[in-house]
Amino acid sequence: EARFEFRARLWGFSALVLILAGAVSVLFFRSVSRRIRRLNEFSRRVADGDFRPLPMEPGHDELSDLSNTLGQTAGKLDRTIKTLTEERNRSAAVLASMEEGVAVIGSDNRIIYCNSGFCRDAGILGLACEGRPVMELIRHSDLLSMIQKALAGGAPIHGEVVVGSVRTRTFAATAAPITFEGATTGAVMVLHDITEIRRLERARCD
């Protein structure tokens, strides 16, 4: 009987230990699973452009270190993107306020950016410029030739272009390639109206 009682107690103690171990394991894996889901949700937020950092996790295991590192990285990305956005907005405001016409053309011959001065000088008022092929918007062969030469790379191209048939206007045009890591990725064109300067020169000569 004593032996039977001892065995019963041993089996009972073993069962209790197994139950406790199973409960601890379930709680542990639930905690790990919850933290992994949290990291997955965070990665989806970052992919959608939401860079709010994760709250700092206590502890020093691998998941907490990973979570804290990802949160810090997201915070740095958020600050960098805000800085770049502010710089882009300032640059766009400066270009938009320029009297000279400015256009940026991509390597695919589509206009990436153009200010109102360029649309006015190139005679494309009332049309949406950005994203459209440059050949659809600019009809002047000399301007198109300068853009193509700039897209081919090399030194900036300077020239004087007369636009219009009835009321002509003269522009000093510059087309320069945009390079990144040795490759030409686009071109920028600047049109400066020198019609009045040329008129005064002709009047002086006369």
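A salt bridge is a side-chain nitrogen of Lys or Arg within 4 Å of a carboxyl oxygen of Asp or Glu. The model here is predicted, so local features need pLDDT of at least 70 and side-chain atom pairs count only at pLDDT 80 or more, while totals for chains, interfaces and linings use all residues. Residues are numbered from 1 along each chain as its sequence is written, and side-chain values use heavy atoms, with hydrogens and water left out.

By the salt-bridge rule, the count is 9. Start with R169 and D193. Their side chains form a salt bridge, 2.8 Å from N to O. This pair links distant parts of the chain. R169 lies in strand β4 (residues 169-180), and D193 lies in strand β5 (residues 183-193). They are 24 residues apart. Strands are DSSP runs of E with at least two residues, helices are runs of H or I with at least four, and both are numbered from the N terminus.

Now look at exposure. Buried means under 20% relative accessible area, exposed means over 50%, and partly exposed is in between (1.4 Å probe, protein chains only). R169 is partly exposed at 25%. D193 is partly exposed at 34%.

Next, find D121 and R120. Their salt bridge spans 3.0 Å, N to O. D121 is buried, at 4%. R120 is partly exposed, at 31%.

Finish in helix α6 (residues 195-205). R198 and E201 sit 3 residues apart there, so about one helical turn separates them. Their closest N and O atoms are 3.1 Å apart, in a salt bridge. R198 is partly exposed at 22%. E201 is partly exposed at 31%. Elsewhere, salt bridges that share partners join E99, R120, D121, R169 and D193 into one network.
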